[in-house]
Amino acid sequence: MASGWSLIIGLIVVVAASLAAWFFSPKGENLTVWRSTLILSFISCFLMWAIVFLAQWHPLIAPKRGDIRPERVPE
């Protein structure tokens, strides 16, 4: 089930992946580009996942049943 630990575990995974990208990115003149691209991609994916996760965990609008039709008024 969903819990607050999902966010913390996801954050730990993203931090570990970002550290790995920092240390294992290919050396050369494009070092900064590689590091920036990988770390920003990890952070962006985590933020998108976290926002969607929290929006489904605590919805602002209560869901309504879709199989109930209002009474049809004859014309």
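At which residues does UniProt place the feature "transmembrane region"? The unreviewed UniProt entry places this feature at residues 7-25 and 37-55; UniProt positions are given in the numbering used here, feature names are shortened, and annotations may be inferred rather than shown by experiment. The structure is a predicted model, in which local features need pLDDT of at least 70 and side-chain atom pairs count only at pLDDT 80 or more, while totals for chains, interfaces and linings use all residues. Residues are numbered from 1 along each chain as its sequence is written, and side-chain values use heavy atoms, with hydrogens and water left out.

The protein has 2 helices and 0 strands, where helices (H or I, at least four residues) and strands (E, at least two) are DSSP runs numbered from the N terminus. Residues 7-25 are 95% helix and 0% strand, with end C-alpha atoms 26 Å apart, and residues 37-55 are 100% helix and 0% strand, with end C-alpha atoms 27 Å apart. Helix α2 has 27 residues and reaches 39 Å from its first C-alpha to its last, close to the 39 Å expected at 1.5 Å a residue, the expected span being 1.5 Å times one less than the number of residues.

The axes of α1 (residues 5-24) and α2 (residues 31-57) come within 9 Å and cross at roughly 170 degrees; axes are lines fitted to C-alpha atoms, for helices over the stretch in contact, and angles run from 0 to 180 degrees between N-to-C directions. The two helices, α1 and α2, are therefore roughly antiparallel to each other, a term applied to angles over 145 degrees, whereas those under 35 count as roughly parallel, 65 to 115 as roughly perpendicular and the rest as oblique. On the α1 side, the contact (heavy atoms within 4.5 Å) is made by S6, L7, G10, L11, V14, A17, S18, A21 and W22, and on the α2 side by R35, L38, I39, F42, I43, F46, W49, A50, F53 and L54. By class, this contact of α1 with α2 has 15 nonpolar, 3 polar and 1 charged residues, with Ala, Val, Leu, Ile, Met, Phe, Trp, Tyr, Cys and Pro counted as nonpolar, Asp, Glu, Lys and Arg as charged, and the others, Gly among them, as polar.

Of the 75 residues of the protein, 16% count as buried, that is, under 20% relative accessible area, with exposed meaning over 50% and partly exposed in between (1.4 Å probe, protein chains only). The buried residues of α2 are L31, R35, I39, F46, A50 and F53, and what covers them includes α1. In helix α1, S18 is buried, with a relative accessible area of 13%, and touches I39 and F42, not counting residues up to four places away in sequence.

S25, in the loop between α1 and α2, is buried at a relative accessible area of 3% and, with residues up to four places away in sequence not counted, touches A20, L31, W34 and R35. In helix α2, T37 is partly exposed, with a relative accessible area of 45%, and its C-alpha atom is separated by 9.4 Å from that of A21, 16 residues apart along the chain. S3, in the segment before α1, counts as partly exposed at 27% relative accessibility; S3 and W57 are 54 residues apart in sequence and 8.8 Å apart in space, C-alpha to C-alpha. Among contacts in the protein with a separation of 6 or more, residues 24 or more positions apart account for 63%.
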